Amino acid sequence: MASVSVRNLDLSFGAIKVLQNLNIEIEEGEFLVLLGSSGCGKSTLLNCIAGLLDVTAGQIFINNKNVTWLEPKDRDIGMVFQSYALYPQMTVEGNLSFGLKNSRMPRDEIAQRIKRAAEILHIEPLLKRKPAQLSGGQRQRVAIGRALVRDVDVFLFDEPLSNLDAKLRAELRVEIKRLHQRLENNTMIYVTHDQIEALTLADRIAIMKGGAIQQLSDPHTIYNKPVNKYVAGFVGSPSINFLEGEMTDAKAFVTEGIAIPMDRYDFAAPPGTRKASIGIRPEHIHHGDSAAAMPFTMTAHIDVIEPMGSDTQVWSKFGTQDFRFRVDGQTGLQAGQEVLIGFDPAMASVFDTDTELRL
């Protein structure tokens, strides 16, 4: 098994700073996801680990070996790119064996590795086909297989599912998770902008913004205890509700003249009186009879109903601020209706208005 350590990493293109004093420790056998919007530096970081970009400052260690200035081929990694990058004139078997043949590996060993990769990825019937005869999902399996046959300790995935349709993405997402469970000794670093991929695949998630890591933790902590307002707003679909207001010494959050009791909330330190915002996830909001049992309740006027199949998103108002919540898809709520809603403030997240950090 191999661990990956990135220490004080900087990367600049001229005067443009892309990565700034970035530190991250990836444990042996871990599945780490780098998550963020376009331009946040996640693929750049992956390319630095792979050796495809020369860093400006800092060091990269793989299995306690300093690989900062080593060529990609000497880092003992396998990489899967966003584009399949398969040789069109070769069969699947030829694509899988190409790198192994160039390294002058014995034929028997090549055949054994191809057989093992094909069994794991369920592509045995495809070995004699060419890429043009494959679907998008099949091509991506072959691209993963090309990394798998190298028998390396660290796998790097650069948004491998972004070119696929939703159904194929869901199917291959499960296959990648199964692959990691089978190869339990292999470390995987996976780049995506898709929060569903991150939450379902990762042992830990690193949320990135502006070339820096905002929060590094397990999916449950990232979702339920975001470290700042950016993380809270980026993770979650539908996105979290934010209400602007003020914390009081009486441990109440006041917005639009309405006081929300926060005595059940787990503050890191006494908040005192300050401007703040509170985030409540749509699925934590109850309506009707179940709302009556919540510590905070109010009557909401329904503006818009958005049926989404298994559930329905309801748009309402909290004073003058938009406020949405999720209900069962079979619930017969209608636009214009008044409904009792409620939530437990202990499930919320409170952020300082000036610093945007969690209180």
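Let me start with helix H2: its buried residues are Val92, Gly94, Asn95, Leu96, Ser97 and Leu100. Buried means under 20% relative accessible area, exposed means over 50%, and partly exposed is in between, with a 1.4 Å probe and protein chains only. Helices here are DSSP runs of H or I with at least four residues, strands are runs of E with at least two, and both are numbered from the N terminus.

Before going on, a word on the source. This is a predicted model, where local features need pLDDT of at least 70 and side-chain atom pairs count only at pLDDT 80 or more, while totals for chains, interfaces and linings use all residues. Residues are numbered from 1 along each chain as its sequence is written, and side-chain values use heavy atoms, with hydrogens and water left out.

The cover over the buried residues of H2 includes H3 and H4. How do H2 and H4 cross? The axes of H2, residues 92-102, and H4, residues 136-148, come within 8 Å and cross at roughly 30°. Axes are lines fitted to C-alpha atoms, for helices over the stretch in contact, and angles run from 0 to 180 degrees between N-to-C directions. Angles under 35 degrees count as roughly parallel, over 145 as roughly antiparallel, 65 to 115 as roughly perpendicular and the rest as oblique. H2 and H4 are therefore roughly parallel to each other.

On the H2 side, the contact is made by Val92, Asn95 and Leu96; on the H4 side, by Val142, Gly145 and Arg146. Contact means heavy atoms within 4.5 Å.

Just after H2, Arg104 has a positive phi of about 60°.

Val92 comes up again in the largest nonpolar core, which has 48 residues. Such a core is a set of buried Ala, Val, Leu, Ile, Met, Phe, Trp, Tyr and Cys residues joined through side-chain atoms within 4.5 Å. Val92 is among the residues with the most contacts inside this core, as are Leu35 and Ile207. Helix H3, residues 107-121, gives the most to the core, with 6 residues. Apart from this core lies another, of 29 residues, including Val18 and Cys40.

Now, a residue at the surface. Pro307 lies in strand S16, residues 296-307, and is exposed, with a relative accessible area of 66%.

Last, the whole chain. The protein chain has 8 helices and 20 strands, and 49% of its 359 residues count as buried.
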